Structures are given as structure tokens and as C-alpha cells.
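The sequence and structure come first.

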Amino acid sequence: MPQSSVRPSAVIVLAAGQGTRMKSTTPKIMHPIGGRSLVGHALAAAHSLAPEHLVAVVRHERDRVAEHIESVAEGLGIASLAIADQDEVPGTGRAVELGLAALPEDLEGTVVVTYGDVPLLTPETLERLVAAHEADGNAVTVLTAALEDATGYGRIVRDGEGLVERIMEHKDALAHAESTGDSSFVEIREVNSGIYAFDAALLRRTLPAISTDNVQGEKYLTDVLGMARAEGGRVASVGTDDVWEVEGANDRRQLSDLGRRLNDRVLRHWMKEGVTVVDPASTWVDVTVTLASDVTLKPGTQLHGATQVATGAVVGPDTTLTDTRVGERAVVKRTDATEAVIGADAVVGPFTYLRPGTVLGEEGKIGAFYETKKVTIGRGAKLSHLGYAGDAEIGEYTNIGCGNITANYDGEKKHRTVIGAHVRTGSNTVFTAPVTVGDGAYTGAGAVVREDVPAGALALNAVSQRTIEGWVPAKRPGTSSAQAAQAADAQVDAPQG
């Protein structure tokens, strides 16, 4: 739940852009980084403020984007979300005007405006923006950042008192320098992030009056600042030292850069909480993952979704866990697991594939080259190597031999295998489901279990071995096998010295 000490009346998230530079059939704001879509991160930050109202303004692929936003909002526990549609009039001023129209007409207080493609904006920065806006009684408060290269950004122009006088767009600063020789505006490094806190009444008065009579033919939201000053309102700013907070993703390179920065932030957080990350460069952890202290993440680890890792567990190397729970002191290496539960002190891997529904009990083991699906494995049970267990229940302290499989599919339906506690199965046993094996039972090597096995029984498929001497030279003449056999026979027949 949001824990903000300030609560704006509304947050408007602008999410109408097409994002053509992404060159994708997926709308830009739906591209994921760190376990959420771009707009998912924006909505999470907005929700952290616990606003009375939350509005998303959409246009490009309207239905698809709106459905995604509503799904994200439900996942975040956002109780009240309005979708506003941007019309043919372009510009951020028009987008905010339509977002405001989706709010109650008598709304008062602070309205925050942010963007659906700025995923690294933190709740703490939004809180500072709102707190400063309300404490100082500002009409407008803009979030700013200082960049080494401000190309393309609107410059923050201040008055003699240090307040924001206006925002000069980059192209206008260049034009001014060319016509007057004054490059002072171009040299300004403090830029407009496009993220604001507004007085609701100010927006309601000024937005309808903004003109599209400009080079771009757009309604500029920045025009509100000049109107506010003309009314005698105070226009101020709050700065962020982390310029990545205000960076958007317009193409795949920027998306990748933001993903890396976000991951670095997540890993730093967990390392401060007592998690060992052996190689941060090759370790990726979603923002939705939960880690306990004294967890160790080895190189090549990826943790996604609602994955939880308990105290003392070791994950990796080369492991991907999605929506998986790992118990205390468990060891999981070179494993791919989805929607699985791994008990305390259990061991998984290497080269193990846990599919949804796998539940491994405490002190259990799923070893090398094993695949599991919808299987419950009891405490201390071991599936050590080279097998498949699906649609099955395996009792505590049972030992499943090498090469065992549960043949759970008859071509039409899946069937269940139940193996009791303290069972010992021979190598290459096949359980033809549905079948039940009682507690303490054994199976012989190569057994095909087609019928239930009582507790304490031994299941065998006894067939006498038949040996046909000379078969290979006779049936496979000229092969390397035949030649090797003939050479061996020659040694046996050679006279002893």
C-alpha cells in the first residue's frame, strides 16, 4: 500500500504517444523492463502518492493500451482509475486538458502530471515535488534536472529571484542565439523534465485558452507557466540529482539503457539489505522480486515476477526463476523454474527444468537433467538424475533412481502417479499412470510399472537374458564392431606362449 506523507488530489499520466522509433508492433509504453511495462512503472510511482484520483490519457492503439493499463492498475491495487482519450488536437496541453475533464468538476488541490514512458521516476522524488509545491503555495512546480548535454530539452529560464520565469524550447534557444548572437539560453544546462505539480483551479482556467498557433501546431503545456505568472502565481522548481529519473525511452537503445540503470538500482537496494550479488553485471532482478538477508546470487542469475528467496539460499550460477519461491538455505544452480516451490535446505540442479506446479519439500533434491511438472515431492525425497516426473505425488524420503519417468499421458488425457514414502526405485523404471506405489516398496531396474504396487512389495518385469553368439560378425559384417569382435576372438584363440 502507498505510504506517502503527501496526497495530491490527482495524478494524470500521459500515455498517448505512438513511439514510432521503437519500430515495434507493441505500443511503446507496454515494453517491459525490470518486471513491469514502462507505463506500469509510471503507474506504480503515481500510486505511491495515494492520489484521490488517477487518470491515464491514451490514444495510440487505444483499446489495447487501455486494457493493459487497467490490468496493471488492478495488479497494483489501484481502486479508482479513469481512462481519458486524446483527440485530434495535438500537444501535452491538450492531453492534460482531456485528463482534467475526466476528473470531478469541483476538484481542488494539487494535480501531478507525469508520463508513461519515464520508468525510473521514484516515489520519493514525486513526494518532494508535491511537498514543495504545497508548502510554498506554488501555482506550478516543475521537476528539473541538470544535464551535461541539454540538446533537445526545454531550458529553465529563471528570474532575478530565482523562480522559474519560463521554459525556452531548444529550437527557440538556437534561433535566439542565431538572431542576436546571445548564446546564454543555449548554454543553460538545467532542463524541464515535463513533470509538474499544478494547482487544479489554474489548469481549469488556463488550459482552454492555450492556442495551437505555433510552429508545431500543438497545445503546449508549458504555456500554463507563463499564464500563471501573468496572474501573479508563483512558479518554482524541484531538482533531481539523478538525471535517469527523467529519461524516457524513445527507441530500443534507450530502453536497454534504462533497463540496465533500473537493474543497477534494484541490485544496490538488495545489497544494502544484506544480499550478496557476486557479479552485478550478469545478474538481473525484477522490481517485483523479494529477497531476504544472506541470500547469495551467483553470476548469470535472473529472478522474475513474484519470485521470493528466503534467508541463506544460494541461487545460481546460470539460473532463471520466474514466480518461484525458494526456502531457507536451499541451493538452486543452473536451473530454469517457473511457478515452483523449493523447500528449505533443498538442492536443485544442475541443468534442471521445473515447470509450473512443482513443489519440492524440505531437504529434498531434484538433480541433474531432470524435468518436473505438477509434482509434489515430500521432505527428503530425491530425484537425482536423468528423469521426468509429471502429474505425480512422491512421498517423503523416497529415492527415485536414475532414468525414471512417469508416463502420464495416454494420448488423450493426463493421469496421476502416486509414489509413497521411503520407496526405492531401480534405474530406468517407468510408471505408466494412473498407478500407485505403496510406502516402502521397491522396483527393479528397467521395471515398467503398469499396476499398483502394495506397500513393501518389489515390482519386477523379469525376462531371462538371451545371448546370440556371433550375431554381430554375421549380421553386421565389415563394420568396426564386427572387426573389433573378430580381433577379440582372435586373441582368445591365439596359442599361449
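The structure, a predicted model, holds 2 aromatic pairs. Rings of Phe, Tyr and Trp (its six-membered ring) pair if their centres lie within 6.5 Å; planes under 30 degrees apart count as stacked, over 60 as edge-to-face and the rest as tilted. The rings of Tyr 196 and Phe 198 have planes at 35° and centres 5.1 Å apart, so this pair is tilted. Tyr 196 and Phe 198 are both buried, where buried means under 20% relative accessible area, exposed over 50% and partly exposed in between (1.4 Å probe, protein chains only). Phe 351 and Phe 369 form a stacked pair, with 5.1 Å centre to centre and 20° between the planes. Phe 351 is in the loop between β24 (347-348) and β25 (352-354), and Phe 369 is in strand β27 (residues 365-377), so the pair ties together parts 18 residues apart in sequence. Phe 351 counts as partly exposed, at 46% relative accessibility.

As to conventions, residues are numbered from 1 along each chain as its sequence is written, and side-chain values use heavy atoms, with hydrogens and water left out. Because the model is predicted, local features need pLDDT of at least 70 and side-chain atom pairs count only at pLDDT 80 or more, while totals for chains, interfaces and linings use all residues. Helices (H or I, at least four residues) and strands (E, at least two) are DSSP runs, numbered from the N terminus.

Helix α4 (residues 123-135) has 13 residues, which at 1.5 Å a residue should span 18 Å; its end C-alpha atoms are 18 Å apart, in agreement. The expected span is 1.5 Å times one less than the number of residues. Thr 125, Leu 126, Leu 129, Val 130 and His 133 are the buried residues of α4. They cover an arc of only 135° around the axis, which puts them on the same side of α4; the arc is that of the directions from the helix axis to the C-beta atoms. Glu 124 and Ala 135, on the other side of α4, are exposed. The cover over the buried residues of α4 includes α1 (38-47), β6 (110-115), β7 (140-146), β10 (190-199) and β11 (235-240). Just after α4, Gly 137 takes a positive phi of about 65°.

| Residue | Relative accessibility | Class |
|---|---|---|
| Thr 125 | 4% | buried |
| Asn 408 | 7% | buried |
| His 385 | 37% | partly exposed |

The UniProt annotation "active site" (unreviewed entry) covers His 385, in strand β28 (residues 382-394). UniProt positions are given in the numbering used here, feature names are shortened, and annotations may be inferred rather than shown by experiment. Leaving aside neighbours within four places in sequence, His 385 is in contact with Ala 368, Tyr 370, Gly 401, Cys 402 and Gly 403.

The UniProt annotation "binding site" (unreviewed entry) covers Asn 408, Tyr 409, Ser 427 and Ala 445. Asn 408 is in the loop between β30 (405-407) and β31 (417-419). Lys 414 lies over the face of Tyr 409, at 5.7 Å from the ring centre; a charge sits over a ring if NZ of Lys or CZ of Arg is within 6 Å of the ring centre and within 35 degrees of the ring normal.

Terms used:
Contact means heavy atoms within 4.5 Å.
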